[in-house]
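Subject: Model for your files, with notes

Hello,

Here is the structure you were expecting. My notes on it follow below.

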Amino acid sequence: MEPPYETLDGVLRRGAAAWPDRPALIGEAIRLSYAELDARVGALASALLEAGLEPGDRAAVMADGTAGAVLALAATMRVGACAVPIDAAHPDARRAEAMRDAGCRMVVSPGLVATTVATPAGAGPDTPAYAIYTSGSAGRPKAVAVGHAAAVRHAAAAAECFGLTPDDRVLQFASLSFDVAQEEIWPTWSAGGTVVTRPREVLHAAALGRLVAEYGLTVLQLPTAYWRALLADAALIHPSDLRTLRLVVIGGEAASLADVHRWRDSPFRDIDLVNGYGPTECVVTATAFRLTGTDPLPVTGGGLPIGSALPGRRLWILDDAGHPVVPGAAGELYVGGILADGYLNQPELTADRFREIEIDGERHRTYRTGDLVRECEPGVLEFLGRLDNQIKVRGYRVELEEIDAVLRDCPGVQDVATVLIPAPSGESMLATLIVGDAASVTREASRRLPAYMMPAATVTAERLPLTTAGKVDRPAVQALLVKALATRRSSRVGSPA
């Protein structure tokens, strides 16, 4: 079913008409009803018009984790401009590079005040709503532009998938510079629910539990790496703090069946779990797998399935020649239906990644994900790894995600990250940073992994380093491993014979 609005601003305006007195946005020192949110966004949009922002422009929104940043995002869209969220924690040079690349006319401040009431022209369904920067090749970030029509269709699809209602309170956990933030905000508002922004500091397990209890949160959407760290400290959470929580959505990195077993042994055991998958180019979550209660786990290679297509998506698994693979075989995932417009200022890259394919005589615009998947059950997908993340070790092709999935299954291991680092010989070797007890890793992993996939070295840590988006910081993992192994070698050299 098509949503009854054509733009993201239409989502907000409809909320103000349908639920004027219900809470829409709660943050530190702010609490706005839908009517008050609509008025604040309208006033800020008028101020932006006075400041010179015009429909079709691009404007930077500093993603600093505040409710004010959410207001700035919505007001930019009301003007009809494209919002470009920039992480406030990034270095000055990186922020400046992104704003230059996007051609941002201004940085939107939520404190602007209009002297007159100007009526924004507004956006159309075919105009860009936002552009999100993601990692690019050769170290150059690329901006994925998403149009209003695709964004509102996804908001409706996500609200349906997550079963959102006006009674829901959803934590706005992700930085606005991360596409998941759009899925925390707009589906919630499309359903009449409440968006609650989180404190700026990193929330550890006990603090998150208290936050759930304080605000009566019902839905959390968490990066998989953060969720896994949360499970490691789950004993610190009082079960009564989670009494309002009904759903946790994870995504961003692969989850394992071993993680699910830890989930079911934690205070979260009675809460539904959704494992979502979706590149930014596919407008946040494109597929999802839901686990309720004691649902039996599917048979996979150790990974939690990424599930089936959300409404408005179509999926194809194709071989190297672009032909559909036989059921159960591995191939590259192509996604059609709700998709981004493409990359800002990079038409060649857009043409390469967003491709038209012909299946059974019909042509479809698709995004070529670069992800290797297979059907583990009819219509249910299992993520196998990145095609461009394949590395070669002793001449063999290796998926780092496959190694991590096996190691997480070892007794006492809570989380891992395997990377390629320089070896003393000058070549490269596999090394793993392990959270938990590494005593059983070599013995247990050798039963499932060939010798060339076994890490040459392991180092333990209290937790994996995470980025501001809550994902594993792999360059930081590499640096930690290199430093720890160098220290280990020097201590051996300096020890008495």
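Where is the place of D360? D360 is in the loop between β18 and β19 (362-377). Helices (H or I, at least four residues) and strands (E, at least two) are DSSP runs, numbered from the N terminus.

Two remarks on the source. This is a predicted model, in which local features need pLDDT of at least 70 and side-chain atom pairs count only at pLDDT 80 or more, while totals for chains, interfaces and linings use all residues. Residues are numbered from 1 along each chain as its sequence is written, and side-chain values use heavy atoms, with hydrogens and water left out.

Backbone

Phi of D360 is near 55°, a positive value in a residue other than glycine. D360 is exposed, with a relative accessible area of 78%. Here buried means under 20% relative accessible area, exposed over 50%, and partly exposed in between (1.4 Å probe, protein chains only). V283 also has a positive phi, near 60°, and is not glycine either. V283 belongs to the loop between β12 (272-277) and β13 (287-291). With 1% relative accessibility, V283 counts as buried.

Cavities

V283 is also one of the residues that line the largest cavity. A cavity is a set of points, on a 1 Å grid over the protein atoms alone, where a 1.4 Å probe fits but cannot get out; lining residues have an atom within 4 Å of a point. Grid points are joined across faces, edges and corners, and a volume is the space filled by probe spheres set on the points. The structure holds 2 cavities of 30 Å³ or more.

The largest cavity contains about 60 Å³ of space. Its lining includes L8, Y130, H154, W186 and V284. By class, the lining has 8 nonpolar, 2 polar and 1 charged residues. For these classes, Ala, Val, Leu, Ile, Met, Phe, Trp, Tyr, Cys and Pro count as nonpolar, Asp, Glu, Lys and Arg as charged, and the others, Gly among them, as polar.

The second largest cavity has a volume of about 30 Å³. W263, R264, R269, I271, L291, T292 and G293 line it. They divide into 3 nonpolar, 2 polar and 2 charged.

Aromatic rings

The whole structure has 8 aromatic pairs. Rings of Phe, Tyr and Trp (its six-membered ring) pair if their centres lie within 6.5 Å; planes under 30 degrees apart count as stacked, over 60 as edge-to-face and the rest as tilted.

The ring centres of W227 and W263 are 5.9 Å apart and the planes are at 45°, so this pair is tilted. W227 lies in helix α8 (residues 224-232) and W263 in helix α9 (residues 257-264), so the pair ties together parts that are 36 residues apart in sequence. W227 is buried at 0% relative accessible area, and W263 is buried at 3%. Together with F268, W227 and W263 form one aromatic cluster.

Y343 and F354 have ring centres 5.8 Å apart and planes at 65°, so they are edge-to-face. Y343 is in strand β17 (residues 342-343) and F354 in strand β18 (residues 354-359), so the pair ties together parts 11 residues apart in sequence. Both Y343 and F354 are buried.

Regards

Conventions. 1 Å grid on protein atoms, 1.4 Å probe; cavity = no way out; pocket = protein on both sides within 12 Å on 5 of 7 lines; lining within 4 Å.
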